[in-house]
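Please keep the sequence and the model in view while reading.

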Amino acid sequence: MTICFLLVILLLAMGNTHVEACGDSGNIGGASCPAQQDKYNCWEATPVNITVVKPCPQKAYGFDKSKTISRHCMGNGLWFGADKDNPIGKPVNYLASCSVDNLQEILEELYGVNSTAEQRAYYHDITSRSNTLGIVGYSISVVAIFISLVVFLSFKSLACNRINMHKNLFLAFLFWLLVELIISVDLRIMTTSPTDRYIPTIHQTPYLCESFRVVGQYFRLTVFAWMLLEGLYLHTVVITAVVSQHNLVPYYLAGWVGPIPVTATWTIVMALNDEETCWFDYSILAYYWIIEGVRNVILAVNLFFLCNIIRVLHKKLRRSNSNEMGRAIKTAKAAIVLLPLLGLTNLLFIAPPPKAINSKVLLCLYFFGKPFMVSFQGFFLSLFYCFVNGEVRIAVERRCRNWATTEQVRRRSSRTMSVSLSFFGNDGGRRSSLNSQLRVHRQRTVETLPTIPSGNPIGETRDTEA
């Protein structure tokens, strides 16, 4: 059902981003500048020596929609800034004409006070590369999570409560990764498209982009909810040392229904208070803590679960009379494996992002480290809990052995059948000869049998002889 919902959103994206061709607005007569479509406006064909005034983009981050922007059609029939070598002219400078009055404050908040042009250029370059790394990570994680779900659903021997918990976590991950992948690719297309050409994107479509934000935040919160449930289930099993078939219905309700009220509250508050396109500034607003606060509480609870699990595990290893080094290695392995399952890798980047004025090393660590840990989290989850998992490997090896045995029997049967066919011949000559001999032998056998008188059944004859 959720996949169908995502497909509907994609279809709406393709439909709502359709823009009619920017052509001539009737017969204006005389010399005129040609019609042009740029990233934000359609500049219709305009008579010479006329200045066209357009409102600034109504849905664009950092632009004041109350301002206007103009373009002048020169006497030679070309737009201002155009010549014979460049008939299109210079791109319209929306940033200079439409920027909000507090643009300097926004830039200082983003880049830092007194940032240089070189620092801002490096900041843009590294954030662009960070977006590319995120797209690669999301793509790999989607494939890995999908394969893991197929494996979990293909083997009945893996149908236990613990694996069922993994299935739901992986399913939530898959939906969230798909939404993030779509948004990241769309953002990449929007930021790299030239300003003098319109390319429809989700980020430039009102209401559609906000819908993607809401769906993405819901599935991300769902991922955190299932991480909390995984930690709770594992903590209960380790502490009580009893593995029983718990009723998972409360887990399903908490994992899939629990995030709905939180996401709905955040959506209503954002819709009433944020007028920015696509809610580009959602992560820096105070309202974001409606969702982010819940996620941080989940991380804090899971951190407690991890510490307690490691404590109990270390105590049990000490009772097993293993050496100190062996206990430390096993404890470290358990902690590393549990980190992606409980989502504790998100704690590494809970601090706000650095600014352009910070050192390049810090920028690289944050903008490469965060997308790597976030986007590849699904891959590491699949690696630890599916690809190298002992139970999964045993189930796969058993299926492969059964398949190999079945294939071997099939080949032997096929080989026996081919030998039989080669004996009787494929042309029918030898088979016809053998059939003739069998008919003659059968006829001779019938002729040698004694004749039974009519009216004396075989049974009565035998009784009489007896």
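Two residues are said here to be in contact, or to touch, when heavy atoms of theirs lie within 4.5 Å. The model is predicted, and every value below is computed from it. In this chain, 15 helices and six strands make up the secondary structure, and buried residues come to 38% of the 466 residues. Among the contacts with a separation of 6 or more, 68% are between residues 24 or more positions apart.

**Leu221 and helix α6**

- Leu221 is a residue of helix α6, and the side of the cut-off on which Leu221 falls is clear, because buried means under 20% relative accessible area and Leu221 has 3%.
- Once residues up to four places away in sequence are set aside, Leu221 touches Pro259, Val262, Thr263, Val294 and Arg295.
- Leu221 and Trp176 are 45 residues apart along the chain, and their C-alpha atoms are separated by 9.2 Å.

**The cavity**

- When the whole structure is searched, one cavity of 30 Å³ or more is found, and the volume of the largest cavity is about 50 Å³.
- The lining of the largest cavity is made up of Phe173, Trp176, Arg220, Val223, Phe224, Met227, Asn346 and Gln377, and the elements giving two or more residues to this lining are α5 (161-192) and α6 (208-240).
- Helix α6 gives the most to the lining of the largest cavity, contributing four residues.
- Sorted by class, the lining of the largest cavity holds five nonpolar, two polar and one charged residues.

**The second largest pocket**

- Two or more residues of the lining of the second largest pocket come from each of α5, α6, α9 (289-319), α10 (324-342) and α12 (377-387).
- By class, eleven nonpolar, two polar and three charged residues line the second largest pocket.

- Arg71 belongs to strand β6, which spans residues 68-73, and Arg71 counts as buried because its relative accessible area is 9%.
- The side chain of Arg71 makes a polar contact, at 2.9 Å, with the side chain of Gln36.
- The covered face of β6 carries Ile69, Arg71 and Cys73, whereas its uncovered face carries Thr68, Ser70 and His72.

- Most residues other than glycine have a negative phi.
- Asn49 is not a glycine, and yet Asn49 has a positive phi of about 60°.
- Asn49 is placed in the loop between β4 (46-47) and β5, where Asn49 is exposed, with a relative accessible area of 53%.

**Ile135 in helix α4**

- Ile135 sits in helix α4, which covers residues 117-154, and Ile135 counts as buried because its relative accessibility is 18% and the cut-off for buried is under 20%.
- With neighbours within four places in sequence left aside, Ile135 is in contact with Leu181, Ser184, Val185 and Arg188.
- Ile135 and Phe376 are 241 residues apart in sequence, while the distance between them in space is 10.0 Å, taken C-alpha to C-alpha.

**Phe280 in a loop**

- Phe280 is part of the loop between α8 (259-273) and α9, and with 25% relative accessibility Phe280 counts as partly exposed.
- The C-alpha atoms of Phe280 and Cys209 are separated by 9.8 Å, although these two residues are 71 residues apart along the chain.

Definitions and conventions: Residues are numbered from 1 along each chain as its sequence is written. This is a predicted model: local features need pLDDT of at least 70, side-chain atom pairs count only at pLDDT 80 or more; totals for chains, interfaces and linings use all residues. Side-chain values use heavy atoms; hydrogens and water are left out. On a 1 Å grid over the protein atoms alone, a cavity is a set of points where a 1.4 Å probe fits but cannot get out, and a pocket is an open set with protein on both sides within 12 Å along at least five of seven lines; lining residues have an atom within 4 Å of a point. Grid points are joined across faces, edges and corners, and a volume is the space filled by probe spheres set on the points. Ala, Val, Leu, Ile, Met, Phe, Trp, Tyr, Cys and Pro count as nonpolar, Asp, Glu, Lys and Arg as charged, and the others, Gly among them, as polar. Buried means under 20% relative accessible area, exposed over 50%, partly exposed in between (1.4 Å probe, protein chains only). A polar contact is a pair of N or O atoms within 3.5 Å; within protein, one must be able to donate a hydrogen and the other to accept it, and residues adjacent in sequence count only if both atoms are side-chain atoms.
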